[in-house]
Amino acid sequence: MKKLITLFLMLLLLSPFAAAQCPTAGHTVVLKAPAVSKTSTGELIGVATDFVITVAPGSGHVYVETWPLAEVDMQASARLAAEVAGKVLGVDMSKYDVFIQIKADSPIIGGPSAGGTMTVGIIAALKGWKINPDVMMTGMINPDGTIGPVGGILEKASAAHSVGAKLFLIPEGQRIQMVQQTQKKEIGGIIQITTTSKRVDVAQYAKERWGLEVKEIGDIYDAVFYFTGHRIKRPQVPENIKIDTSFLKEDAEKDYKNTTAYYEKVEKELKDSSVSYDTYTTLQAALNDAKSILNESKTSLDQGMYYTTLSKDFQARIAIRHVQWLLSVNQGGNLEKLLNQVDSEIKTDEAFISNLTIKGTTMLQAIAAAEERIEEAKSLLKDARKYYYQNDYWDAVSNAAFAYERAKTAVFWAKLGERYAVGSEISREVIKDTAREYIDNTKLVVTYIESMFGNILGNDLLNKLDNAEQYYEDGKYSAALFTAMEARIRSEVILDTIGIDNRTILQDKLQRMKDSAKVAIAMAQAQGVYPVLAIAYYEFAESYEKKGDLQDLETAMIFYQYARETATMFLTKVNKPIIENITSSVPQITIPQDKNSTTSSAKTTNITTTSTTSKQSSSICGPALIVALAIIPLLFRRR
């Protein structure tokens, strides 16, 4: 027993909780944030929560205490909030500890919806700024500082009103909410239940009912302004930025020519074959589909959309190769031998990519994309073998063809990265850390959406998240990163478009995402990075935007979000921001002045911003120690 106690104490002393410094100097701010709670009948209601945020000199730890416990863990969101706050202010957060206490009157569905509020609080605490108690907000915080969509906007507006807020900030594009209304009618003893969807303008509704001002915001810079009166200038974007994929022109022209020649070759092979009528017509239909895709590729090439051309060629080649390999198998070829050849090709391509030395952020982004594609190719080949053992030759060959072509695109991206390699060598461990952050944040978003709306995401996205975790455990960090990013972005787009079938609203949302992607690409270029992957995604999104169907618009949103995320991925350079004190242009709300300002606000005396005292230190460190004592026994249960 004594040995067990001794081991327990050693673990406690060596744990990060013991290493963290309790706040003996720093600042504390108090904010209120709206949340939702689920009643015993499953109804969502709005509740107000108190956030007490302290930032003090330390060693980069983030501690979160919630009471009562939130239904969705907030730790990942708090870590991201601290990271974004550091980027916005140009502050090294490894030199600070962040303590966040969250209290509500009932269990809440927490998680990412308070990310924006926590980021504002951390920024204010770092700068010693006052917080206006008349302002509340809801919204996720994204890695680039944009505010992401959340659920329960109407319920949260009610919570903001209940505690006297005058200005309620919501994510850009969420002013219009779709509400399900259920009506019961009794006709001749039969109860008829009808459910209809209704569009609600949250700003208009809140103004008419409570006099509450609702304003959409796009990023953390706007949020900080409305809460503190300080305007942190956004990073400057070059005025004449041009986003095009002309760097891929030669590749696209060559690829289209080769794919067209490949189509003609396989078409001749099919005509000269001795396959039956049924097989011939089936394979000819597949080639016709490939030809149709090639026609789209030629249109894209003529329009100067070179990445879209490459993508269309890729789609066409999968179909063409499928036909060619089925002909081979049908005429006595050995399918198992074919699968082994594909396996060998993938391993060769993987070895080539793995042995490359990464130089510069542009190459790092390209290599990460290449490694993710290799893992996808391996997964497709695994499915091909499964179909082969089930004697399903059609799907076996289809997946094998897809796997082969996917591996070749991985090599393309790797070589493209080499083409833009510049700067010092970068370790692949950088990808590992970023992947872990993306997986944790994706889990948070997915759990939050399920808590709010049930299983609206479907098994496909949930499987992607599981795959990301498995990739990470296997040391495939690039695949983990991109798979988690895809799952999170698709989840957020679903959340942002639930129940909306109005083209104008979707186009407005898409335009905001497009502008955000363009800004992110410009920011990367301003730091000397040429984000080839982001530019490619941006163009691909434009190709879907041009189609105009509702589903195409949602696909375009996804790729614009991909462009935004990948543009700033792995950027480490942070410039010191320019900060202004502004007292005007704030709608119907009095913004408090900084303590050095010559004028003062009538509400300044009601705002809590204090230097952290020893008494505060003990009250905040106590919960952290309790958490440590609760977690350490779990270590004995883990292998």
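Q: Which residues form a nonpolar patch on the surface, and what is their accessible area together?
A: In this predicted model, the patch on the surface is nonpolar and is made up of Phe 453, Ile 456 and Ile 498. Taken together, these residues have an accessible area of about 210 Å².

Q: Is Ile 456 buried, partly exposed or exposed?
A: Ile 456 sits in the loop between α14 (429–453) and α15 (458–473). Buried requires a relative accessible area under 20% and exposed one over 50%. With a relative accessible area of 34%, Ile 456 is therefore partly exposed.

Q: What is the geometry of the pair formed by the rings of Phe 540 and Phe 559?
A: The structure holds 21 aromatic pairs. In the pair of Phe 540 and Phe 559, the ring centres are 5.0 Å apart and the planes stand at 85°, and since planes over 60 degrees apart count as edge-to-face, the pair is edge-to-face.

Q: How far apart in sequence are the parts that the pair of Phe 540 and Phe 559 ties together?
A: Phe 540 belongs to helix α18 and Phe 559 to helix α19, so the pair ties together parts whose separation in sequence is 19 residues. Both of these residues are buried, and for Phe 559 the relative accessible area is 13%. The separation asked for is thus 19 residues.

Q: What is the geometry of the pair formed by the rings of Phe 559 and Tyr 562?
A: Phe 559 and Tyr 562 are 3 residues apart in helix α19, which means a separation of about one helical turn. Tyr 562 is buried, with a relative accessible area of 5%. The ring centres of Phe 559 and Tyr 562 are 5.2 Å apart and their planes are at 80°, so the pair is edge-to-face.

Q: Which residues form one aromatic cluster?
A: Phe 559 pairs with Phe 540 and also with Tyr 562. The cluster that holds these residues consists of Tyr 307, Phe 412, Trp 413, Tyr 537, Phe 540, Tyr 544, Phe 559 and Tyr 562.

Note on methods
Residues are numbered from 1 along each chain as its sequence is written. This is a predicted model: local features need pLDDT of at least 70, side-chain atom pairs count only at pLDDT 80 or more; totals for chains, interfaces and linings use all residues. Side-chain values use heavy atoms; hydrogens and water are left out. Patches are made of residues with over 30% relative accessible area and no salt bridge: like charges are joined within 9 Å, nonpolar side chains (Val, Leu, Ile, Met, Phe, Trp, Tyr) within 5 Å. Accessible areas come from the Shrake-Rupley method with a 1.4 Å probe; for residues, only the protein chains shown count as cover. A salt bridge is a side-chain nitrogen of Lys or Arg within 4 Å of a carboxyl oxygen of Asp or Glu. Helices (H or I, at least four residues) and strands (E, at least two) are DSSP runs, numbered from the N terminus. Buried means under 20% relative accessible area, exposed over 50%, partly exposed in between (1.4 Å probe, protein chains only). Rings of Phe, Tyr and Trp (its six-membered ring) pair if their centres lie within 6.5 Å; planes under 30 degrees apart count as stacked, over 60 as edge-to-face and the rest as tilted.
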